[in-house]
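Please look through the sequence and the model shown here.

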Amino acid sequence: MSVYHSIIEPLPFWEIPDPTKKAVLEDTKTTLLAPWERLVTAFENSNMEERQKVFYEFLANPQEFTELVENGSSSRSYLKGFSFFECSCTSYGRHVNKCRQNAEALIVEDIEKRFVNKNEVLSLVSYGAGGLLQDLIIVGKLIQNGFRNIYIEFIDLNFDSLNGRKFAEMLNKLPEIFVQTVTRPMMSSKKQFDVIYSVDLDEIYKGDGKSLINLLKARKMLKDNGKIYFFGNRLQIVLDKDGSFTDIMEDSDVLTKTISHHPQFGRLSNVEKISLLITKEYKLNFDIPAIAKVLQFLSRTFDKMIIVNIYGNESYHSDLSLNEWGNQFVLQNLSGVSISRLVFRYHKESFSEEQQRLASTTQHIFIREFLNRKSIVDFGQF
Ligand SMILES: C[S@@+](CC[C@H](N)C(=O)[O-])C[C@H]1O[C@@H](n2cnc3c(N)ncnc32)[C@H](O)[C@@H]1O
């Protein structure tokens, strides 16, 4: 059979190539690949639709695409075939508990509710971004929910900026998506953001609370309806620009309710200044959100000075607690009570029995904190 002949003569039906057969063959080839290999292949070779499909499969079940790698005392979970990773510890280990999934869901759902125009640029900061896998999942889910235009700054003291560029490169391969990334060692106050989030920041009270304090200061970098989502290992809060905050871990209003329902509460309206005494009997820091809520409530209910005596019990001092300045800064900023209404007296020592005896005559409210954020509230004899 000559070549010429074969061109003019139609091929017998059994020799005509069937295009659907080829597709089936290729499909079988890709389904034989491991999930991470399909993701790599999709981003290297496939068309945009295929890429999007596999990327959404990854978002639905990241564990299937990652592997745990021991790194000294800690471990990391790597997205196989890519340079992105996230920390895997007892507090935030995707393979250990649901803390990361819960943080993602809360951040993504809340952003979706608050930002209706999904074509506008959404500007984000990830504070303590690390290996960007957690960010890939959060930003990926925002894209899946319809956001097209995302500007994100990655802040980390130790950072590989190439990873930031790869992050943008990868997401910009999705259909009609524009992602811009910037990496910095610390936050720059020049821009205003819709959202600042931090997932699994190192021990928040380390270095006298430097990273927590940075986040509290970042409130002024929020746009008017902006929010900060903070998921630390001892503190999970959402901060609003206007000074209010929500404690995600626990109902930190319980302490305020105990105080406001106390039979002697009404007597506070007769005193010139309200004096509080707070002691603790464990190594961790005070139950900061609960105390901040009490200060917020007292300052809104009474137009008076509030004197806060704190016994830091520094014989227990460790990386898990703040000192004088740290406690004062965090409490004042979290409660939002004006510095002109708050007098802060910090005592390094523990609270002696003698002082305890005197407390009932010198203090209006006496809060004793025990382990696991349990506290006992007494009112003084005034
Ligand atoms: C436990 S890792 C978590 C990283 C990432 N967010 C994750 O979920 O996998 C904490 C990261 O926060 C960074 N970090 C700690 N303190 C910081 C600070 N004050 N400013 C910026 N980054 C900080 C560390 O370098 C580290 O990469």
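Tyr151 is partly exposed, because 17 other C-beta atoms lie within 10 Å of its own; a residue with 20 or more such atoms within 10 Å counts as buried, one with 12 or fewer as exposed, and one in between as partly exposed, with C-beta atoms placed from the backbone. The model is a predicted one, in which local features need pLDDT of at least 70 and side-chain atom pairs count only at pLDDT 80 or more, while totals for chains, interfaces and linings use all residues. Residue numbers start from 1 along each chain as its sequence is written.

Tyr151 belongs to strand E5, residues 149–155. Strands (E, at least two residues) and helices (H or I, at least four) are DSSP runs numbered from the N terminus. Apart from neighbours within four places in sequence, Tyr151 is in contact with Val121, Ser123 and Gln180; contact requires that the C-beta atoms of two residues, placed from the backbone, lie within 7 Å. Pro35 is 116 residues from Tyr151 along the chain, and 28 Å separate their C-alpha atoms.

Strand E2 (residues 74–79) runs antiparallel to E3, and four bridges join the two; strands pair if DSSP finds at least two bridges between them. Tyr78 has Phe85, in E3, as its bridge partner. Five residues lie between the strands of this hairpin, and Gly81 takes a positive phi near 85 degrees.

The chain is assigned domain 1 (62–247) and domain 2 (253–379), with bounds from an automatic or database domain assignment. Their centres, taken over C-alpha atoms, are separated by 33 Å. Between them, 14 residues of domain 1 are in contact with 15 residues of domain 2. On the side of domain 1 that touches domain 2, H8 and strand E10 (245–247) each give two or more residues. H8 gives the largest share of that side, six residues. By class, this side has seven nonpolar, two polar and five charged residues. Here Ala, Val, Leu, Ile, Met, Phe, Trp, Tyr, Cys and Pro count as nonpolar, Asp, Glu, Lys and Arg as charged, and the others, Gly among them, as polar.

The largest share, three residues, comes from H8. Of the 18 residues around the ligand, Glu86, Gly128, Gly130, Gln134 and Ser211 come nearest; a residue is near a molecule if its C-beta atom, placed from the backbone, lies within 6 Å of it. The shell has six nonpolar, seven polar and five charged residues.
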